[in-house]
Structures are given as structure tokens and as C-alpha cells.
Amino acid sequence: MKKTELQTPAIQVLERMFTLLDVLARHQDPVSLKQISEATGLHPSTAHRILNDLTLGRFVDRPEAGSYRLGMRLLELGNLVKARLDVREAAIGPMRELHKLTMQPVNLSVRQGDEIVYIERTYSERSGMQVVRAVGGRAPLHLTSVGKLFLASDDPQRVRAYATRTGLAGHTRNSLTDLTRLEREMASVRQRGIARDDEELELGVRCMAAGIFDDQGKLIAGLSISAPADRLEEAWLPKLKETAARISASLGYAGH
């Protein structure tokens, strides 16, 4: 396959969208539809239609009729990508050390909407546990130890809104599917600074998690140890917290 074929989107509208975004990126001030049309070679009506769709998604802003600039959604996504890349780079070494101690899977996860996403994992075949959640996998917040950390960082109104949106669907007989129980669990997580999954996502698997914070003191990720239910050791908890604190410090977190 030719290099140019690799670099060209297969869907024409996506190619045009990328071209429009590139033009807007070259200008600090809002750009008129006429300028955009001339720079891209697109008919004004075509450019207008695509820009309107991008505006709906907040990828493009329209400060006044007939002019456009890059939107805040791109900044939000860019910051999200930056945070994930930074935290992965900072975490991978300490995660490997923690794995050597426990010989169980060590997971790094971030929040995305009403789910957590696994972005890194260290494990070995000797852990005695099937690795079900691969990197890129997702799981509901209320069923996971890291997800509970993020819910506990929300105010009560947001937790109730989450419960309403998701219905608190369960995966096992241990899943927290009742708002009152979930709220009690959140209070416990806030008090202890760590969270647990007691076979709530998968039967036979327990987890413990500690939070990772950025230089602004914001919870941006969670570090968790997963193990067969009868092998999760409480003795690992201090090392888990210490490892999460070390990663947070490398990201500029100065502590409370």
C-alpha cells in the first residue's frame, strides 16, 4: 500500500473535517467561512455543513455568524490524552515493582463518563488468575474499586445522578445495586482513602485500589491490585498506597 493511501481517511467527510480543523488550527483569531472555503477548496455550502456539525459537538466554536474557531472540546480531549500519557509513563515503573511484590495483576485505570477504562496493566501467568479485563477494557464505576474512588470524589448529588442514569445494574450477587448501600460505601471510601471490590464485578476476584492525583490535587487515575478472592492480602495495602502516592508525587502532587 502506498504511503499516501495510509495517510488518507477512507471516508471523504472525515478527510474534509480534518482539513477544516487544520485550517482553523493555523489561525489564532476566528476565521470567516469565505477564508475557510478558499483555504480548503471546499464549496462554502459544504464547509458550512461540516462546520455546523462540528459546532454541535463543540469541536468548533462560532463566536459570531459566519466565523469559526477551534472549540473547547478539543482542549478537553487534549488534556485527557495528556493526563493519560503522563500518568502511564509515571506509573509503569512503580507498577512493575508492586507486581513483583504481589505477583498479582496491578491495574491503572481512569474515569471516562460512567465507566473506568483500563489503560495499563502488569501481570504474569503465575498469578493464578485469568486476566479478563484487558487494556482498553471498561467497567461500571460502582462495580470496581477504582470506580468507587471516582464516585467517592463526587458530591452526593452527582452520585445520585449516576445511580439514576445507570440503574446500578449488577454483575454478581455481591454487586452494589442499591443507592443507600452505595452511599454508605462511598462514605467509607472517603474515610479510608482506599476502595475495594469484593467480587462485585467478577465472582472469584477481589480488588483494592488507591487514588492517583495530579499537581492540582485532582483525582486522575486509580491504581489497583486484583487477585483471586482467597489470595488478596491485607499486607499489600500499605505498599499499594505508598506506590500510588509515589506516582502522584511524580506528577506534581504535593499532598493534602
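In what order do the six strands of the open sheet line up? In this predicted model, whose residues are numbered from 1 along each chain as its sequence is written, local features need pLDDT of at least 70, side-chain atom pairs count only at pLDDT 80 or more, and totals for chains, interfaces and linings use all residues. Side-chain values use heavy atoms, with hydrogens and water left out.

The order is β6-β5-β4-β9-β8-β7, with antiparallel pairing. Helices (H or I, at least four residues) and strands (E, at least two) are DSSP runs, numbered from the N terminus, and two strands count as paired if DSSP finds at least two bridges between them. At the edges sit β6 (138-140) and β7 (194-198), each pairing on one side only. On average, neighbouring strands here are turned by 30° against each other, direction ignored; axes are lines fitted to C-alpha atoms, for helices over the stretch in contact, and angles run from 0 to 180 degrees between N-to-C directions.

Zooming in on one pair, β4 (residues 106-112) and β5 (residues 115-122) run antiparallel over seven bridges. One of the residues involved is Gln112, whose bridge partner in β5 is Glu115. Helix α6 (residues 145-153) lies across β4, β5, β7, β8 (205-213) and β9 (219-228), at about 145° to β9.

Then there's Ser67, found in strand β3 (residues 67-70). Ser67 is buried, with a relative accessible area of 8% (buried means under 20%, exposed over 50%, partly exposed in between, with a 1.4 Å probe and protein chains only). Leaving aside residues up to four places away in sequence, Ser67 touches Pro30, Val31, Ser32, Asp61 and Arg62, where contact means heavy atoms within 4.5 Å.
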